[in-house]
Amino acid sequence: MDTPESSAVSTRLQRIAELAKKGPTMAFTSLGHHIDVAMLREAYRRTRKDGAVGVDGQTAEAYAANLEQNLQELHERLKSGGYQAPPVRRQYIPKDDGRRMRPIGIPTFEDKVLQRAVVMVLEAVYEQDFLACSYGFRPGRSAHQALNALWEGMMRMGGGWVLDVDLRDFFGSLRHEDLRAILDQRVRDGVLRRVIGKWLKAGVMEDGQHWRPEGGTPQGGVISPLLANVYLHEVLDKWFEQQVKPRLQGASLLVRYADDFVIVCAKESDARRVMEVLPKRLGRYGLAINAEKTRLVEFRPGTPRRGNGEGGNGAGRSFDLLGFTHFWGRSRKGRWVVMRKTAKGRFRRTLGRIGQWLRHHLHDEVQEQQRMLSRMLKGHDGYYGITGNAASLGRLRREVEGIWRRWLARRSDSQTMTWDIFRRLLKRYPLPPARVVHSVYRHAANALS
């Protein structure tokens with residue numbers, strides 16, 4: 001809920017945005033004074049309070065117990081240059097396939113508050129520069145908007161050739177010297193640049209060992225997504241839209257969400273030209289393409305499937321982006337349309353997470369299990385419930401019912417949990433039906449209206 005103070009902060013940020021919009025080539029040398037106690041208080045309000053703790057072990061509740069004094073001291077340290085950025089705590093979470101682990105960095109709570117304040121100021125500047133092809137971690141933009149833009153673009157083009165790109169360790173490869181040079185174009189304020197430099201150099205704490213990587217930004221930091229967008233805006237977005245696209249013979253489209261992106265070209269020759277020059281462009285900024293996962297996909301209605309169509313370098317009629325497999329199929333009226341279904345890796349990860357929860361809550365009351373399973377399924381539908389994905393949503397329900405039955409059978413000493421018994425239990429404790437939340441057709445109609 002907005003407060004009078006948060007409205008005042010928003011007004012200040014709007015003024016910065018207006019200046020940035022009027023002067024697209026202007027470099028800001030005085031931004032740090034905007035981060036006062038009121039800005040920090042608003043940043044605290046916008047910071048998640050239920051996240052994991054950093055290396056100091058301080059919770060949001062403990063920080064809030066003496067909030068005003070903590071914010072005053074934080075502000076003084078920021079102004080004087082005495083703020084010392086603590087290392088982030090390294091933790092691992094499952095990747096999309098559910099088998100490998102992805103490292104993330106967890107800052108301290110105070111670090112999250114200060115990073116949020118800096119992000120608020122920098123967003124006011126860079127949101128005036130970022131292009132329409134970028135969707136990740138931007139205010140008012142979402143993964144579903146990226147998916148809709150891709151769907152509409154491919155339908156308009158009637159398909160084409162998709163360059164499905166996978167960057168190798170982007171967040172760990174981002175070069176600090178290049179990032180500083182890119183930031184110089186718009187932000188030269190000493191206070192902000194000094195604290196950003198401290199975050200980049202803070203390092204990682206893992207298993208009691210503190211080490212400082214030479215490049216990259218820690219995944220999980222509040223500031224990291226914005227710095228990634230600033231980097232890729234210069235390295236990829238502007239380059240493609242301003243230099244590459246005008247030189248192509250046919251229509252083309254770039255859709256990027258953070259470091260996940262695809263490039264669609266109507267002509268094969270254009271796609272192969274982009275595929276040839278893209279590694280060179282990225283290499284100039286220390287980035288590399290994962291050749292094993294990067295593919296050029298012939299993505300047109302009726303194209304025979306070759307290779308596995310899911311990975312490797314074989315050409316097929318499908319590719320994955322943002323948790324969905326995209327493929328051509330027939331609508332109910334017999335027309336060719338781009339369809340989406342839950343990607344295999346994401347499907348397995350969801351089942352694995354639900355199975356793990358049931359394992360650790362084996363002896364909870366059935367009613368409590370049903371409540372939590374319903375919550376997880378509704379959350380899944382909130383993202384994956386899009387037009388054309390009803391079959392995957394229904395399949396997930398059936399798989400979850402099977403997993404639930406097996407875990408209930410493990411705790412039953414008196415009788416076997418047969419399917420007949422389990423179906424009677426489901427009538428009393430039903431799981432919610434699959435629900436399509438996001439209609440691509442409704443979005444397309446709204447876009448045209």
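What percentage of the 449 residues in the protein chain do buried residues make up? With that settled, please examine helix H1 and what covers its buried residues, and then go on to the aromatic pairs.

Modeller: The model is a predicted one. Buried residues account for 50% of the 449 residues in the protein chain. The protein chain comprises 16 helices and eleven strands. Its C-alpha atoms fill a box of roughly 70 × 60 × 45 Å along the principal axes. A compact globule with 449 residues would have a radius of gyration near 22 Å, and the 24 Å of the protein chain agrees with this. Of the contacts between residues at least 6 apart in sequence, 69% join residues at least 24 apart.

Helix H1 covers residues 4–22, which is 19 residues. From its first C-alpha to its last, H1 reaches 27 Å, close to the 27 Å expected at 1.5 Å a residue. The buried residues of H1 are Ser6, Val9, Arg12, Leu13, Ile16, Ala17 and Ala20. Viewed down the axis of H1, these buried residues fall within an arc of 145°, so they line one face of the helix. On the other side of H1, the residues Pro4, Arg15, Lys21 and Lys22 are exposed. The cover over the buried residues of H1 includes helix H2 (37–46) and helix H5 (109–126).

A residue of helix H4 may be considered next. Leu74 lies in H4, residues 67–80, and is buried, with a relative accessible area of 0%. Leaving aside neighbours within four places in sequence, Leu74 is in contact with Leu40, Tyr63, Tyr83, Glu110 and Leu114. Leu74 and Leu114 are 40 residues apart in sequence, and their C-alpha atoms are 8.1 Å apart in space.

The aromatic residues follow. The count comes to 14 aromatic pairs. One of them is formed by Tyr126 and Phe130, which are stacked, with 5.9 Å centre to centre and 20° between the planes. Tyr126 is buried at a relative accessible area of 3%, and Phe130 counts as buried at 8%. Another pair, Phe324 and Tyr384, is tilted, with 5.2 Å centre to centre and 55° between the planes. This pair links distant parts of the chain: Phe324 belongs to strand E10 (residues 324–330) and Tyr384 to helix H13 (residues 366–384), 60 residues apart. Both Phe324 and Tyr384 are buried.

The charged end of Arg141 lies over the ring of Tyr135, 4.4 Å from its centre. The charged end of Arg410 is placed over the ring of Trp407, 4.5 Å from the centre of that ring.

Finally, Thr350 is located in helix H12, residues 344–360. At 5% relative accessibility, Thr350 counts as buried, because the cut-off for that term is under 20%. Not counting residues up to four places away in sequence, Thr350 touches His380 and Leu396.

To return to the helix requested, H1 has its buried residues within an arc of 145°, and helices H2 and H5 are among what covers those residues.

Conventions: Residues numbered from 1 in each chain as written. Predicted model: local features only at pLDDT ≥ 70, side-chain atom pairs only at ≥ 80, totals over all residues. Heavy atoms only, no water. Helix = DSSP H or I, 4+ residues; strand = E, 2+ residues; numbered from the N terminus. Expected span 1.5 Å × (residues − 1). Buried < 20%, exposed > 50% of the residue type's maximum accessible area, 1.4 Å probe, protein only. Arc of directions from axis to C-beta. Contact = heavy atoms within 4.5 Å. Phe/Tyr/Trp six-rings, centres within 6.5 Å; stacked < 30°, edge-to-face > 60°. Lys NZ or Arg CZ within 6 Å of the ring centre and 35° of its normal. Rg over C-alpha atoms; globule rule 2.2 N^0.38 Å.
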